[in-house]
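Please keep the coordinates at hand while reading.

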Amino acid sequence: MTTKPTPRVRVPAKAAAGEMIEIKTLISHEMESGQRRDSTGKVVPRKIINKFVCTYDGKEVFSSD
């Protein structure tokens, strides 16, 4: 079962230039820890989100590994 990650983002309705704002995000995705085994006993490969990049107007403003 493969699904496309579904991001949800909550941002303030208004923000002034230079103002610090809080942005909340939640990404639903198919995740595997790399420790589970399939029906044949093989380890299911690890699948996690390991990088997050936030851009504004085409420019990177925040990233996290």
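At 15% relative accessibility, E32 counts as buried, where buried means under 20% relative accessible area, exposed means over 50%, and partly exposed is anything in between, computed with a 1.4 Å probe on protein chains only. The model is a predicted one, in which local features need pLDDT of at least 70 and side-chain atom pairs count only at pLDDT 80 or more, whereas totals for chains, interfaces and linings use all residues. Residues are numbered from 1 along each chain as its sequence is written, and side-chain values use heavy atoms, with hydrogens and water left out.

Where in the chain does E32 lie? E32 belongs to the loop between β2 (24-28) and β3 (52-56); such strands are DSSP runs of E with at least two residues, helices being runs of H or I with at least four residues, and both are numbered from the N terminus. Once its neighbours within four places in sequence are left aside, E32 is in contact with V44, P45, R46, K47 and I48, contact meaning heavy atoms within 4.5 Å.

The side chain of E32 also has a charged partner, R36, with which it forms a salt bridge whose closest N and O atoms are 2.5 Å apart. A salt bridge is here a side-chain nitrogen of Lys or Arg within 4 Å of a carboxyl oxygen of Asp or Glu. While E32 is buried, R36 is partly exposed, with a relative accessible area of 47%.

By this rule, how many salt bridges does the count come to? The count comes to three, and another of them joins the side chains of K47 and E30, at 3.5 Å from N to O. This pair links distant parts of the chain, for although K47 and E30 both lie in the loop between β2 and β3, they are 17 residues apart. K47, which is also among the residues in contact with E32, is partly exposed at a relative accessible area of 40%, and E30 likewise counts as partly exposed, at 26% relative accessibility.

There is also a salt bridge between D65 and K51, with the closest N and O atoms 3.2 Å apart. Here too the pair links distant parts of the chain, since D65 sits in the segment after β4 (59-64) and K51 in the loop between β2 and β3, 14 residues apart. D65 counts as exposed, at 76% relative accessibility, whereas K51 is partly exposed, with a relative accessible area of 45%.
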